[in-house]
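Hi,

Here is the structure I promised to pass on. Have a look at it first, and then read my notes below.

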Amino acid sequence: MGAAAADLEARQLRILRRVEDLELAAQQHRIGALSLSDAEAEVEAGDTEERLSALLAARGVHDFAFRRVPADYYDRSLEERRDLLAVDSVAQLCKSIVMVNTKAAADVVDCSNPKNSKYYVVIVQYMARLNAENIKNFLYTLNESQIPKKRFNMRLAPEEESLMLTGFVHNGVTCIGMKTAIPRVCRQVIIDEAITKLDEDFFWLGGGEVDLKLGMRTSEFLNAFNPFVVKCS
């Protein structure tokens with residue numbers, strides 16, 4: 001194991017021990033056990049990479065990596081970005097976007113119902129064209145046609161709304177460790193089916209900062225976060 005990997009593992013262990021301490025304190029001073037989501041909310045790490053590493057490890061995701069990229073990363077072609085991240089295919093380059101249901105009923109204002117949420121985080125490939133109609137049809141079917149189809153109209157959330165919900169700026173959004181309940185009720189995360197069918201069982205997306213990218217094993221992500229798998233493109 002290299003020095004960098006050993007240092008990262010040591011930092012992860014320190015954060016996980018802190019999570020365990022928080023859980024023990026909560027059991028002693030509050031009724032009921034502290035849930036994983038509560039622990040995630042209370043962990044305060046020194047930097048984004050350390051915090052997200054701890055959250056991933058706590059979920060059981062162990063095969064992941066962070067990479068810093070140049071400031072002009074998004075000015076470069078997908079092929080150049082692929083080479084900067086040293087990945088096999090541009091198909092592995094993905095992004096997390098926050099979508100809002102602009103036609104939701106007046107009483108649907110948050111993410112408390114994963115089947116009929118105001119917001120969803122959608123993971124798609126950069127090379128793909130997002131098909132919002134497919135997501136609309138999926139949600140309509142998910143609700144067993146009990147909600148009129150006219151009540152679903154998925155659109156990209158405004159940048160300031162995305163920042164408020166996630167705590168991450170544009171081009172730094174990731175579906176891990178967001179500010180609101182979107183990632184904590186994990187079924188409000190939608191991943192494009194195409195990503196799960198890649199030959200490479202690994203994908204990359206934003207890492208919480210514009211110049212920080214996060215890659216992880218797809219199968220581990222699916223097992224840990226149990227997202228909706230939808231044909232989004």
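Buried here means under 20% relative accessible area, exposed means over 50%, and partly exposed is in between (1.4 Å probe, protein chains only).

Before the rest, a word on where this comes from: the model is predicted, so local features need pLDDT of at least 70 and side-chain atom pairs count only at pLDDT 80 or more, while totals for chains, interfaces and linings use all residues. Residues are numbered from 1 along each chain as its sequence is written, and side-chain values use heavy atoms, with hydrogens and water left out.

**Aromatic rings**

There are seven aromatic pairs in the structure. In one of them, the ring centres of Phe64 and Phe66 are 6.1 Å apart and the planes are at 85°, so this pair is edge-to-face. The rule is that rings of Phe, Tyr and Trp (its six-membered ring) pair if their centres lie within 6.5 Å; planes under 30 degrees apart count as stacked, over 60 as edge-to-face and the rest as tilted. Phe64 is buried at 12% relative accessible area, and Phe66 is buried too, at 14%. Phe202 and Trp204 also form an aromatic pair, a tilted one with 6.0 Å from centre to centre and 55° between the planes.

Next, find Tyr73, Tyr74 and Tyr126, which form one aromatic cluster. Which residue has its charged end over the ring of Tyr126? That's Arg81, at 5.2 Å from the ring centre. Arg81 also lies over the face of Tyr73, 5.4 Å from the centre of that ring. A charge sits over a ring if NZ of Lys or CZ of Arg is within 6 Å of the ring centre and within 35 degrees of the ring normal.

**Salt bridges**

The structure holds eight salt bridges (a side-chain nitrogen of Lys or Arg within 4 Å of a carboxyl oxygen of Asp or Glu). Asp63 and Arg217 make one of them, at 2.6 Å from N to O. Asp63 lies in the loop between helix H3 (48-59) and strand E1 (64-68), and Arg217 in strand E7 (residues 212-217), so the pair ties together parts that are 154 residues apart in sequence. Helices (H or I, at least four residues) and strands (E, at least two) are DSSP runs, numbered from the N terminus. Both ends are partly exposed: Asp63 at 27% and Arg217 at 28%.

Another bridge joins Asp211 to Arg68, with the closest N and O atoms 2.7 Å apart. Asp211 sits in the loop between strand E6 (202-209) and E7, and Arg68 in strand E1, so here the linked parts are 143 residues apart in sequence. Asp211 is partly exposed at 30% relative accessible area, and Arg68 is partly exposed at 48%.

Then there is the bridge between Asp83 and Arg82, at 3.0 Å from N to O. Is Asp83 buried or exposed? Asp83 is exposed, at 51%, whereas Arg82 is partly exposed at 23%. Finally, salt bridges with shared partners join Asp63, Asp201 and Arg217 into one network.

Happy browsing!
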